[in-house]
Amino acid sequence: MKKQFVFLFYALLTATTLFSFTGKSIAADPTPIALPKDLPADLKLPDNEIVFLKLHAEGMQNYICREGQGWIFTEPVATLYDDKKVAVGRHSIGPSWVSTVDDSWAIGQAVKSFEPKNKNNIPWRLFTAKDHRGTGVFSDVTSILQVKTQGGKVPPSKPCSTVAHFNRTFPAQYKATYYFSKRKLD
């Protein structure tokens with residue numbers, strides 16, 4: 001009896017976690033999520049896609065100082081949060097977005113970019129998903145929008161011009177909002 005209770009408790013906990021991750025049933029066709037009103041026309045999603053997930057990222061954009069090249073971007077490392085500020089995933093090299101709830105992931109390729117007015121902020125970007133793993137929340141992602149960026153660039157005051165600087169790394173703090181879309185059901 002005790003083993004059954006423990007199993008039911010963990011099953012309920014898992015189901016609750018999956019529900020809170022997306023705010024709705026993962027298996028159901030989701031209600032569309034509105035995109036920001038200030039989204040540039042260049043970053044418009046294809047007409048046959050619907051936004052089903054919005055996550056917030058906090059982390060680092062990592063750079064390395066290279067001789068003759070300056071600061072070179074190497075990878076993002078961020079935690080993804082839902083609207084309730086619950087950590088539900090990671091954003092890292094690839095670029096990739098990984099669910100820590102169901103282990104699904106999507107790898108994107110940047111196809112469009114928009115420079116924000118604040119030059120200290122990394123660009124807003126549209127990515128297309130070029131690979132997936134798993135059967136969870138990221139398995140059907142077709143596009144990813146990176147918007148509302150804050151920070152993420154190496155400050156101009158950070159030197160990268162002498163042998164003493166070469167091969168040093170710099171983690172630039174950043175925040176962003178990510179919108180995930182998938183193909184509309186016919």
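Reader: In which sense do strand β7 (residues 143-151) and β8 pair, and over how many bridges?

Author: Strand β7 (residues 143-151) and β8 pair in the antiparallel sense, over 7 bridges, where two strands count as paired if DSSP finds at least two bridges between them. The model is predicted, with local features needing a pLDDT of at least 70 and side-chain atom pairs counting only at 80 or more, while totals for chains, interfaces and linings use all residues. Residues are numbered from 1 along each chain as its sequence is written, and side-chain values use heavy atoms, with hydrogens and water left out.

Helices (H or I, at least four residues) and strands (E, at least two) are DSSP runs numbered from the N terminus.

The loop between β7 and β8 deserves a look of its own. Cys160 lies in this loop and Cys65 lies in strand β1, so their pair ties together parts that are 95 residues apart in sequence. The sulfur atoms of Cys65 and Cys160 are 2.0 Å apart and form a disulfide, for which a pair of cysteine sulfur atoms must lie within 2.5 Å. The structure holds 1 disulfide, and with 100 degrees about the S-S bond the link of Cys65 and Cys160 is right-handed. Both cysteines, Cys65 and Cys160, are buried, a word that stands for under 20% relative accessible area, with exposed for over 50% and partly exposed for what lies in between (1.4 Å probe, protein chains only).

The loop between β7 and β8 is also the place of Asn167, which has a positive phi of about 70 degrees although it is not a glycine. Lys85, in the loop between β2 and β3, likewise has a positive phi, near 65 degrees, and is a residue other than glycine. With a relative accessible area of 72%, Lys85 is exposed. A further backbone feature is the cis peptide bond that joins Gly94 and Pro95, with omega about -10 degrees, and Pro95 lies in the loop between β3 (87-92) and β4.

A search of the whole structure finds 7 aromatic pairs, where rings of Phe, Tyr and Trp (its six-membered ring) pair if their centres lie within 6.5 Å, planes under 30 degrees apart being stacked, over 60 edge-to-face and the rest tilted. Tyr63 and Phe73 form one of them, an edge-to-face pair with 5.7 Å from centre to centre and 70 degrees between the planes. This pair links distant parts of the chain, since Tyr63 is in strand β1 (residues 49-66) and Phe73 in strand β2 (residues 70-81), 10 residues apart. Tyr63 counts as buried at 10% relative accessibility, whereas Phe73, at 41%, counts as partly exposed.

The rings of Trp97 and Phe127 have their centres 5.2 Å apart and their planes at 70 degrees, so this pair is edge-to-face. Trp97 lies in strand β4 (residues 96-99) and Phe127 in strand β6 (residues 124-133), so the pair ties together parts that are 30 residues apart in sequence. Trp97 is buried, with a relative accessible area of 0%, and Phe127, at 5%, counts as buried as well. Ring pairs link Trp97 and Phe127 with Phe138, Tyr178 and Phe180 into a cluster.

Finally, the charged end of Lys182 sits over the ring of Phe52, 5.5 Å from its centre, a description that requires NZ of Lys or CZ of Arg to be within 6 Å of the ring centre and within 35 degrees of the ring normal.
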